[in-house]
Amino acid sequence: MRKVVFITGGASGLGKHLSLSFANEGYNLVVAYNNSKDDAEKLKNIINDKYKVDVLILKCDLANEEMICECVDKAIKYFKKIDILVNNAAVEYNLEFSDKTKEMFMHTLEINKFLHLFLLPHYLY
């Protein structure tokens, strides 16, 4: 049985390269995206054409704990397991420090610093 890797932010940028690398090594993939559905679908097609692995793409707002649980449940239902979590997702507001709001800071911390604390317990089956 192939190992399964769950990659947050897995559809573009570094996450896309990680997805392709894991596919090349024979891993089945869960590619979680938030705003890059087209990129996720294109990536799935590339992987399906080039590698003999299974890819599940899931929209997942990682600031929404309920959505995180739903995504993990869908991945477990589809693959029966998750072996590796790659917490690649991140956010950044390209504004001057003084122009950033408290909500922007909190959202950045939720995704970039605290996400693993919320996400990891859902993988402990």
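**Figure 1. V5 stands opposite I84 in strand β4.** The model is predicted: local features require pLDDT of at least 70, side-chain atom pairs count only at pLDDT 80 or more, and totals for chains, interfaces and linings use all residues. Residues are numbered from 1 along each chain as its sequence is written, and side-chain values use heavy atoms, with hydrogens and water left out. Strand β1 (residues 4–8) and β4 run parallel and are joined by four bridges. Helices (H or I, at least four residues) and strands (E, at least two) are DSSP runs, numbered from the N terminus.

**Figure 2. Four strands form an open sheet in the order β3-β2-β1-β4, with parallel pairing.** Two strands are said to pair if DSSP finds at least two bridges between them. At the edges stand β3 (55–59) and β4 (84–87), each of which pairs on one side only. On average, neighbouring strands of this sheet are turned by 15° against each other, direction ignored. Such angles run from 0 to 180 degrees between N-to-C directions, and axes are lines fitted to C-alpha atoms, for helices over the stretch in contact. Between β1 and β2, which run parallel, there are five bridges. F6 stands opposite V30 in β2.

**Figure 3. Strand β2 is mostly covered, with six of its six residues buried.** A residue is called buried under 20% relative accessible area, exposed over 50%, and partly exposed in between (1.4 Å probe, protein chains only). Both faces of the strand are covered: N28, V30 and A32 are buried on one side, and L29, V31 and Y33 on the other. N28 lies in this strand, β2, and is buried because its relative accessible area is 10%. Apart from residues up to four places away in sequence, N28 touches R2, K3, V4, V5, V53, D54 and F79. Contact here means heavy atoms within 4.5 Å.

**Figure 4. Helices α1 (residues 13–24) and α2 (residues 37–50) pack at an angle of about 20°, their axes being 11 Å apart.** This angle makes α1 roughly parallel to α2. Angles under 35 degrees count as roughly parallel, over 145 as roughly antiparallel, 65 to 115 as roughly perpendicular, and the rest as oblique. The crossing of α1 past α2 is right-handed. A crossing is right-handed if the near helix is turned clockwise from the far one by less than a right angle, and left-handed if anticlockwise. K16, S19, L20 and A23 of α1 make the contact with L43, I46 and I47 of α2. The residues of this contact divide into five nonpolar, one polar and one charged. In this grouping, Ala, Val, Leu, Ile, Met, Phe, Trp, Tyr, Cys and Pro count as nonpolar, Asp, Glu, Lys and Arg as charged, and the others, Gly among them, as polar.

**Figure 5. Helices α1 and α2 lie across strands of the sheet.** Helix α1 lies across β1, β2 (28–33) and β4, and runs at about 175° to β1. Helix α2 lies across β2 and β3, and runs at about 175° to β3.

**Figure 6. F22 lies in helix α1.** With a relative accessibility of 17%, F22 counts as buried. Leaving aside neighbours within four places in sequence, F22 is in contact with V5, I7, Y27, L29, I84 and V86. The C-alpha atoms of F22 and V53, which are 31 residues apart along the chain, are separated by 9.6 Å.

**Figure 7. S36 is found in the loop between β2 and α2.** At 17% relative accessibility, S36 counts as buried. Not counting residues up to four places away in sequence, S36 touches A11 and S12.

**Figure 8. K80 has a positive phi of about 75° although it is not a glycine.** Most residues other than glycine have a negative phi. K80 is found in the loop between α3 (65–79) and β4. K80 is exposed, its relative accessible area being 63%.

**Figure 9. The protein as a whole comes to five helices and four strands.** From the N terminus on, its elements run β-α-β-α-β-α-β-α-α. Of the 125 residues of the protein, 36% count as buried. Among contacts in the protein with a separation of 6 or more, 65% are accounted for by residues 24 or more positions apart.
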